[in-house]
Amino acid sequence: MKKELDFLNVDGCYGGDQHWFKDAWQVLAGCSTVVASEIAVYLANAFPGLRSLSPCPLSLSREAFTGFAQEMYQYVFPGLRGMPKTSIFIRRFGNYARSLGVPVRFAVLPGSESFSSAKAFITGTINEGYPVTNLLLNHHDRELEELTWHWFNITGYEEAGEDLVLLFRHLGRKAPDTSFPAVGHAKKSWAACWP
């Protein structure tokens with residue numbers, strides 16, 4: 001089975017890219033801001049009760065996205081070590097949503113959970129129409145090196161036998177279908193935001 005959310009289209013790119021920021025620190029460490037901006041735009045368009053989260057449509061210009069991301073940066077921004085914990089992200093995105101009078105809640109699955117738990121969390125969340133935000137701090141697979149110490153949104157999946165192939169957005173492009181193990185030599189955390 002394959003399932004993929006209708007996610008952001010930013011001038012032909014699949015979501016945002018931290019390299020679009022003008023500030024050097026935002027370019028280096030702004031992935032959490034981009035992910036938060038993507039979530040806000042997506043949720044505002046997918047769920048009418050959350051429209052206040054973002055004025056942007058799902059299909060938008062790079063200028064509109066980066067303008068919105070600059071607003072989001074006031075709430076969701078990296079510290080000296082980036083944003084190394086989902087709890088920080090949840091608190092800051094929650095503050096953003098509350099400032100707009102929008103109640104949101106998060107479900108979190110630590111990376112230490114079993115593969116079956118991660119698979120159920122990811123497929124269940126996406127089946128309900130929500131992206132899964134992922135913080136990947138490290139991983140043993142060299143193919144995922146570009147994603148280490150990085151935030152990105154998982155927007156779909158394909159079940160391949162016992163494996164789960166994740167479909168995700170990274171730096172404004174749809175990443176190639178990548179088999180992403182949920183356990184093993186990885187330190188990561190999964191989060192999903194609901195109304």
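A residue counts as buried when its relative accessible area is under 20%, and as partly exposed when the value lies between that limit and 50%; with a relative accessible area of 7%, Tyr-96 is therefore buried. The model discussed here is predicted, and its protein chain comprises five helices and 10 strands. Where contacts in the chain join residues at least 6 apart in sequence, 64% of them join residues at least 24 apart.

- Helix 2 covers residues 31-46, and its 16 residues should span 22 Å at 1.5 Å a residue, which agrees with the 22 Å found between its end C-alpha atoms.
- This helix is mostly covered, since 14 of the 16 residues in helix 2 are buried.
- Thr-33 is placed in helix 2, and because its relative accessibility is 0%, Thr-33 counts as buried.
- Leaving aside residues up to four places away in sequence, Thr-33 touches Phe-21, Ala-69, Met-72, Tyr-73, Val-76, Phe-77 and Pro-78.

**The largest nonpolar core**

- In soluble globular proteins, nonpolar side chains tend to be buried together.
- The largest nonpolar core in this model holds 49 residues, of which Leu-8, Leu-53, Phe-65, Met-72, Phe-89, Phe-93 and Ile-154 touch the most other members.
- Two or more residues of this core come from each of helix 2, helix 3 (62-72), helix 4, helix 5, strand 5 (132-139), strand 6 and strand 7 (163-170).
- Helix 2 gives the largest share of this core, namely 10 residues.

**Helix 4 and its end**

- Helix 4 has 14 residues, and the distance from its first C-alpha to its last is 20 Å, close to the 20 Å expected at 1.5 Å a residue.
- The buried residues of helix 4 are Thr-86, Ile-88, Phe-89, Arg-92, Phe-93, Gly-94, Tyr-96 and Ala-97, and two of these, Phe-89 and Phe-93, are also among the core members that touch the most others.
- Ser-99 belongs to helix 4, which covers residues 86-99, and Ser-99 counts as partly exposed because its relative accessibility is 41%.
- Although Ser-99 and Tyr-75 are 24 residues apart in sequence, their C-alpha atoms are 9.7 Å apart in space.
- Just after helix 4, Gly-101 takes a positive phi of about 75°.

**Aromatic pairs**

- A pair of aromatic rings is described by the distance of the centres and the angle of the planes.
- The structure holds 11 aromatic pairs, and one of them is the stacked pair of Phe-47 and Tyr-130, with 4.8 Å centre to centre and 10° between the planes.
- Phe-47 lies in the loop between helix 2 and strand 3 (59-60), whereas Tyr-130 lies in the loop between helix 5 and strand 5, so this pair ties together parts that are 83 residues apart in sequence.
- Tyr-130 itself is buried, because its relative accessible area is 7%.
- Tyr-75 and Tyr-96 form an edge-to-face pair, with 5.4 Å centre to centre and 70° between the planes.
- Because Tyr-75 lies in the loop between helix 3 and helix 4 while Tyr-96 lies in helix 4, this second pair ties together parts that are 21 residues apart in sequence.

**Salt bridge**

- Side chains of opposite charge can pair when their charged atoms come close.
- The count for this model comes to one salt bridge, formed by Glu-159 with Lys-119, whose closest N and O atoms are 3.9 Å apart.
- The pair links distant parts of the chain, with Glu-159 in strand 6 (residues 150-160) and Lys-119 in helix 5 (residues 115-127), 40 residues apart.
- Glu-159 counts as partly exposed because its relative accessibility is 31%, whereas Lys-119 is buried, with a relative accessible area of 16%.

Technical notes: Residues are numbered from 1 along each chain as its sequence is written. This is a predicted model: local features need pLDDT of at least 70, side-chain atom pairs count only at pLDDT 80 or more; totals for chains, interfaces and linings use all residues. Side-chain values use heavy atoms; hydrogens and water are left out. Helices (H or I, at least four residues) and strands (E, at least two) are DSSP runs, numbered from the N terminus. Contact means heavy atoms within 4.5 Å. The expected span of a helix is 1.5 Å times one less than its number of residues. Buried means under 20% relative accessible area, exposed over 50%, partly exposed in between (1.4 Å probe, protein chains only). A salt bridge is a side-chain nitrogen of Lys or Arg within 4 Å of a carboxyl oxygen of Asp or Glu. A nonpolar core is a set of buried Ala, Val, Leu, Ile, Met, Phe, Trp, Tyr and Cys residues joined through side-chain atoms within 4.5 Å. Rings of Phe, Tyr and Trp (its six-membered ring) pair if their centres lie within 6.5 Å; planes under 30 degrees apart count as stacked, over 60 as edge-to-face and the rest as tilted.
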